[in-house]
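I opened my notebook to jot down what I looked up, starting with aromatic rings and ending with a helix. Here is the structure I worked from.

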Amino acid sequence: MNEVDMDSDSSLCSLKCPTLTSGSLIIRPFSLIDLTAFTAYRADPNVARYQSWTDYHYQDALSLFNSTHYQDFAKAGQWYQLAISDQHELLMGDLALHFIDNSQVEVGFTIAPAFQGQGIAAQALTRLLQYLFVELSRHRVIAQTDCLNLASAALLEKLQFRREGHFINNVFFKGAWGDEYLYAMLASEFDNQYPEHK
């Protein structure tokens, strides 16, 4: 793991905030220069379809950035957003992490439309799992997805997450009740499935 130094664009960062690399991808804290691109893809109706928001504006992105306390990274009960970029700082998508407690983490992922279908989410999420299981010694990682989000479910199953639950009409979402899948992976399963990342 490489650590992040404080600079003017990532003033909330400290040494607890990771920068991870995987091939040409960089997984890192957000900076102010990311927010225009972040707003653009979150405002895309196809991206927002299975997300909690409908409309998304720059002020929403700025509020999220300002409320993400990177200096307390991995604090139980907190959410953090990490950018996925190339080596030229081009924002391709993001990963969300919810440190449920000191043993379990929930993850989410969003890829900008221009970069979908290129294996970016799988590569970034695999590297994130390695960080969580190997470097942070977490016990269990979960992910939830709308049952209609077939691409998200397919990605989690490709990465060998187990489908632990199918919740029926458990969430009132954009004017209607919806179903969700719960996926999970244990550290022991990651060790068995990804021995090259141990």
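**Rings and a helix**

I looked up Phe38 and found it buried, with a relative accessible area of 2% (buried is under 20%, exposed over 50%, partly exposed in between, with a 1.4 Å probe and protein chains only). This is a predicted model, where local features need pLDDT of at least 70 and side-chain atom pairs pLDDT 80 or more, while totals for chains, interfaces and linings use all residues. Residues are numbered from 1 along each chain as its sequence is written, and side-chain values use heavy atoms, leaving out hydrogens and water.

Next I searched the whole structure for aromatic pairs and got eleven (rings of Phe, Tyr and Trp, the last by its six-membered ring, with centres within 6.5 Å; planes under 30 degrees apart are stacked, over 60 edge-to-face, the rest tilted). Phe38 and Tyr56 have ring centres 5.9 Å apart and planes at 90°, so I noted them as edge-to-face. Tyr56 is buried too, at 9%. I then checked Trp53 and Tyr56: their centres are 5.5 Å apart with planes at 55°, so that pair is tilted. Trp53 counts as buried at 11%. Ring pairs join Phe30, Phe38, Tyr41, Trp53 and Tyr56 in a cluster.

Then I turned to helix α5, residues 150-158 (helices are DSSP runs of H or I, at least four residues; strands are E, at least two; both are numbered from the N terminus). Which residues of α5 are buried? I found Ser152, Ala153, Leu155 and Leu156. They cover an arc of only 160° around the axis, which puts them on the same side of α5 (the arc uses directions from the helix axis to the C-beta atoms). The face turned away from that side carries exposed Leu150, Ala151 and Lys158.
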